[in-house]
Amino acid sequence: DGLAQLKQFMDGTRTARGSFTQQVFSKSGRKPQPASGTFAFSRPGKFRWIYEKPYAQLLVGDGSKLWAYDQELNQVTTKKLGQALGSTPAAILAGDNSLDRNFVLKNAGDADGLEWIEATPKAEDSSFERIRMGFAGGQLKAMLLNDNFGQTTSLLFGQIERNPSLDAGLFRFTPPKGADVVGE
Amino acid sequence: CAAPDVRPPDALQLVSRAEMSRFQLEGRLQVRDGERTAAVGVDWQHEVGHDDWLFTGPLGQGLARIEADAAGARMTLADGQRVEAASAAELAETALGVNAPFAQLPLWITARLRDGAEVRELDPVGRLRRVVDQGWTIDYIEYAGSGPADLPRKIDVQRGDTRLRLIVDAWNP
């Protein structure tokens with residue numbers, strides 16, 4: 001079932017890298033704007049999430065902070081990972097094994113050829129109301145995130161390489177000279 | 001698209017197009033006022049007399065929604081908290097911590113001229129490049145296409161130490 005596959009994925013995946021496509025479906029049902037890019041993570045707490053489309057954006061979790069860098073705006077937004085990580089996809093991918101510290105986890109049945117689990121953040125002020133994760137063969141294939149405004153972010157993962165050796169530099173971020181830094 | 005109303009001819013052969021009655025856009029908003037900066041994704045639905053803003057975070061998740069009309073403005077935050085105020089600008093200041101000219105944005109971002117605004121520069125295709133409007137300087141950095149009727153893609157607005165940049169990643173009809 002889903003929870004067993006989640007455990008298998010979490011226990012068997014200390015680092016990973018792959019590609020993703022993302023769509024945000026708004027409540028108004030407007031055509032969603034597709035986004036895509038690559039990601040890498042190294043548990044606990046470290047991840048690198050690169051959006052190539054619709055615009056260049058880099059999200060880095062260095063274990064203590066989340067850095068979001070918008071190249072065109074030449075701007076860095078930063079947040080303590082505790083808050084930001086608590087209930088974002090990165091939290092699940094890069095979280096430490098005690099996923100159930102931040103989420104209530106339960107099986108959510110089969111659909112679209114995947115076995116799903118549902119994770120409901122325990123923290124009240126989390127960015128997402130509910131997160132679902134779809135597995136096949138012990139591999140994470142998809143995530144659906146419902147925010148508090150009726151939007152659903154769908155993340156589909158391409159081939160995920162499990163436990164590659166990843167350069168630690170991937171998970172460090174220094175704001176470029178002249179960039180605006182916003183946040184703590 | 002709305003039929004253009006041609007102004008009385010003046011030095012600049014200027015066609016000022018009627019206000020766009022409705023538009024919807026997705027993009028990114030950065031606002032700086034003196035020492036503070038804010039940056040959010042925006043999903044903005046505009047109709048004459050009614051605006052619906054959704055501010056989003058780096059992963060597309062909603063942070064705050066502001067609805068504004070003649071009767072005033074209402075904001076819902078991610079944790080469900082509701083706040084009311086006279087205008088969207090006031091609520092945005094509560095949400096973002098910076099003061100920004102939201103009331104004028106619908107005309108600015110669609111390259112329409114407000115009464116009393118002065119055109120300082122047009123681009124080679126005859127589109128607005130720089131406008132001054134009640135002390136605000138609006139620079140049209142980029143348009144979404146190369147045609148004369150194309151909408152802006154990136155504008156920079158400045159007055160005193162307030163600077164706003166709005167990048168439109170998608171215009172949706």
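Predicted model: local features only at pLDDT ≥ 70, side-chain atom pairs only at ≥ 80, totals over all residues.
Residues are numbered from 1 along each chain as its sequence is written, and chains are lettered from A in the order in which they are written. Local features need pLDDT of at least 70 and side-chain atom pairs count only at pLDDT 80 or more, whereas totals for chains, interfaces and linings use all residues; side-chain values use heavy atoms, without hydrogens and water.

**View 1. The interface of chain B and chain A.** Here 30 residues of chain B are in contact (heavy atoms within 4.5 Å) with 27 residues of chain A. The buried area, that is, the accessible area (1.4 Å probe) lost on putting the two parts together and summed over both, is about 2300 Å², and carbon and sulfur atoms give 53% of this area. Arg28(B), Pro58(B) and Leu59(B) supply 29% of the area that chain B buries against chain A, more than any other three residues.

View 2. Five salt bridges (a side-chain nitrogen of Lys or Arg within 4 Å of a carboxyl oxygen of Asp or Glu) are counted between chain B and chain A. One salt bridge joins the side chains of Arg28(B) and Asp70(A), at 2.8 Å from N to O. The side of chain B that touches chain A comprises eleven nonpolar, nine polar and ten charged residues, where Asp, Glu, Lys and Arg count as charged, Ala, Val, Leu, Ile, Met, Phe, Trp, Tyr, Cys and Pro as nonpolar, and the others, Gly among them, as polar.

**View 3. The second largest pocket.** This pocket, an open set of points on a 1 Å grid with protein on both sides within 12 Å along at least five of seven lines, holds about 330 Å³ of space. Of its 22 lining residues (an atom within 4 Å of a point), the closest to the centre are Asp51(B), Ala68(B), Phe102(B), Ala103(B) and Pro106(B). The lining has eleven nonpolar, six polar and five charged residues.

**View 4. The second largest cavity.** This cavity, a set of points where a 1.4 Å probe fits but cannot get out, holds about 30 Å³ of space. Its lining includes Trp108(B), Arg112(B), Asp133(B) and Tyr140(B). Strand 10 (128–133) and strand 11 (136–143) of chain B each supply at least two lining residues, and strand 10 gives the most, with three. By class, six lining residues are nonpolar, none is polar and three are charged.

Definitions and conventions: Points joined across faces, edges and corners; volume = space filled by probe spheres on them. Helix = DSSP H or I, 4+ residues; strand = E, 2+ residues; numbered from the N terminus.
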